[in-house]
Amino acid sequence: MKLMFRYIRRHLRMFLTALFFLTIETLADLLQPTFMSYIVDEGVAKQDMKRIIFYGAVMLGIAALGALGAVTRNIYASRTSQLIGKEMRMEVYEKVQTLSFENIDRLQPASIITRITNDVTQIQNFLNGCMRILMKAPITCVGAVVLIIVQTPKQLPMIAVILLISALLIWGNMKLGYPRFGILQQKLDRLNAVSREFLSSIRVVKAFRAEEREEKKFAEAAGDFAQAGVSAMRVMAVFGPLINLTVNLGIVALLWISRAGRSGEIGRLMASVNYMTQVLFSLGMVSNILNMAVRALASSARVEEVLRERPAQELPERGVGPDRIRGQVAFERVSFTYAGTSRPAVEEVSFQAEAGQTIGIIGPTGSGKSTLMDLVPRFYDAGSGRVLVDGEDVTQIDPQRLRRAIAVVPQKALLFSGTILENLRWGDQDASEEELKKAARIACADEFVSSFPEGYETDLGQGGVNLSGGQKQRLSIARALVRKPKILILDDCTSALDANTEARVLQGIRQETDRTTVLLISQRISTVMRSDRILCLEDGRVKGFGSHRELLEKCEVYRAIYESQIGGRA
């Protein structure tokens, strides 16, 4: 709840303005039955047309004032809730950008998406409801009760009993509803995760004809979500009608007690019945808004968890670190273990890459190659040991300054919706068109881009779905080259290229980036064998570090990879 109050304080003036006009609307609603009773008791009963017209005109004026209040309240309530929702989403989004991969792994991307979208929507709806319903309900309820007592004082004991029973029912509704709506949001996380996994791997699903299995998985997640929804809604389904029944019994009791009343009190009786109906309506509103509050509280706790998440990495002050990074990279007895696992991904790794060198990194699947490279730009922090850039521990360098000097081409080529030119500008927003095209030529991407009718203005679908795997990889390499990095990390990013194209790409990179330190990860020995030095890993440990010839002579793991891929002995 503190989270919502914090955002309300930012827009307190608009929030209070909405409540002010809500009060006008509510008072107008409360006055209508009273003036109706005057028309009946003083006008109709006494056949006084002047009083009928006068009180009718007053009622019309009050209704117009109430309508004006309702319209203005709606405008301010909607604007305030939308602004709060926007700011909350932006803060969560900005917070996620400050988190390390370790934090995101723990929170889970699908859950973060749910919190930014559905959870914030629940809070937004509740705040809108507060300004439209929650404040109106108690004012209406209290006002109606007071006016019933004024109209028919002998109804006081009955009103007290009705309110007590209704309060108990509302409390029970909240008590049982809160945990159920929390579970409902968790099930929604799971449903989003299953949907996201299926849509991101739909080609593999179709290739293996696994639609039926994925359908069962989705059906299970959807069924769990539906069951959680039924469990939460069942609480509302039970308590809502009970509250209605309680108040309706009160109306029957009021009519029963007043059955022998004088004809001059018919108007008062009508007003009391109207006020009892307003009590029923207001209690129903309270019940509904409290159900919204239960969902909003559960969602607020989930959003607040992200905002309170403490980054796993302690960041140095902005601007700290060498003014110009030359590109020397060194690992000193580095070990790292992923959260939730007991086995180290890399262990006691030490090696050094001088500025301008090309270091090949090879090893069996799962040997820790990609993990090792994630430590250089500080996507993760080493559990022990030190990762150094130009002799400085990366934990003591401003991440913005560090990453400006590094370009990473990941295993999976990631492109964004937009034109090819816009994707290349991710490397450097200020790069000229000629610089972009030069990077594309080095990456052998210019040859296929030029064949498109729109050339570099060709629109790419989400993730570059209208390109082949090799084309996406070459554009990813070109994007990295646009940055003109001091450290270039190529993480098995030529796997979809044929041997001839791969050789041309790597040759172009060597010629154009002679002052750039290149960390080249590959499963192919033909890719790394021309590197200045080669790091051979197995089970997260260094098995050899040296030239191709040195490793063939001294490293059994490297020699086994060579013989399995090239054939025979060197």
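The lining of the second largest pocket divides into five nonpolar, two polar and six charged residues; here Ala, Val, Leu, Ile, Met, Phe, Trp, Tyr, Cys and Pro count as nonpolar, Asp, Glu, Lys and Arg as charged, and the others, Gly among them, as polar. That makes 13 lining residues, and Lys-438, Leu-481, Lys-484, Glu-512 and Thr-513 are the ones that lie nearest the centre of the pocket. The space in this pocket comes to about 330 Å³. Helix H14 (433-442) and helix H16 (469-482) each supply at least two residues of the lining, with H14 giving the most, four residues. Helices (H or I, at least four residues) and strands (E, at least two) are DSSP runs, numbered from the N terminus.

A word on the model itself. It is predicted, so local features need pLDDT of at least 70 and side-chain atom pairs count only at pLDDT 80 or more, while totals for chains, interfaces and linings use all residues. Residues are numbered from 1 along each chain as its sequence is written, and side-chain values use heavy atoms, with hydrogens and water left out.

On a 1 Å grid over the protein atoms alone, a cavity is a set of points where a 1.4 Å probe fits but cannot get out, whereas a pocket is an open set with protein on both sides within 12 Å along at least five of seven lines; lining residues have an atom within 4 Å of a point. Grid points are joined across faces, edges and corners, and a volume is the space filled by probe spheres set on the points. By this rule there is one cavity of 30 Å³ or more. The largest cavity has a volume of about 50 Å³, and its lining is made up of Thr-358, Leu-490, Leu-506, Ile-509, Arg-510, Val-518 and Leu-520. Helix H17 (499-512) and E10 are the elements that give two or more residues to this lining, and H17 has the largest share with three residues. By type, the cavity lining splits into five nonpolar, one polar and one charged.

Strand E10 also belongs to an open sheet of six strands, in the order E6-E9-E10-E3-E11-E12, with mixed pairing; two strands pair if DSSP finds at least two bridges between them. Strand E6 (406-409) and strand E12 (541-546) stand at the edges with a single partner strand each, so one side of each has no neighbour in the sheet. Neighbouring strands here are turned by 15 degrees against each other on average, direction ignored. Axes are lines fitted to C-alpha atoms, for helices over the stretch in contact, and angles run from 0 to 180 degrees between N-to-C directions. Within the sheet, strand E9 (residues 487-491) runs parallel to strand E10 (residues 517-521), joined by five bridges; Leu-488 has Val-518 in E10 as its bridge partner, and Val-518 is also one of the residues lining the largest cavity. Helix H20 (residues 556-565) lies across strand E3 (358-362), strand E11 (533-538) and E12, at about 95 degrees to E11; contact means heavy atoms within 4.5 Å.

A second open sheet has four strands in the order E2-E1-E4-E5, and its pairing is antiparallel. Strand E2 (346-353) and E5 stand at its edges, each with a single partner strand, so one side of each is left without a neighbour. Strand E1 (residues 329-336) and strand E4 (residues 384-389) pair over five bridges, with Ser-335 bridged to Ser-384 in E4. E4 then runs antiparallel to strand E5 (residues 392-393) over two bridges, and Val-389 stands opposite Glu-392. The two strands form a hairpin with two residues between them, and Asp-390 in the turn has a positive phi of about 55 degrees.

Turning to annotation, an unreviewed UniProt entry lists residues 329-564 as "domain: ABC transporter"; UniProt positions are in the numbering used here, feature names are shortened, and annotations may be inferred rather than shown by experiment. In the model, that span is 33% helix and 25% strand, with end C-alpha atoms 31 Å apart.
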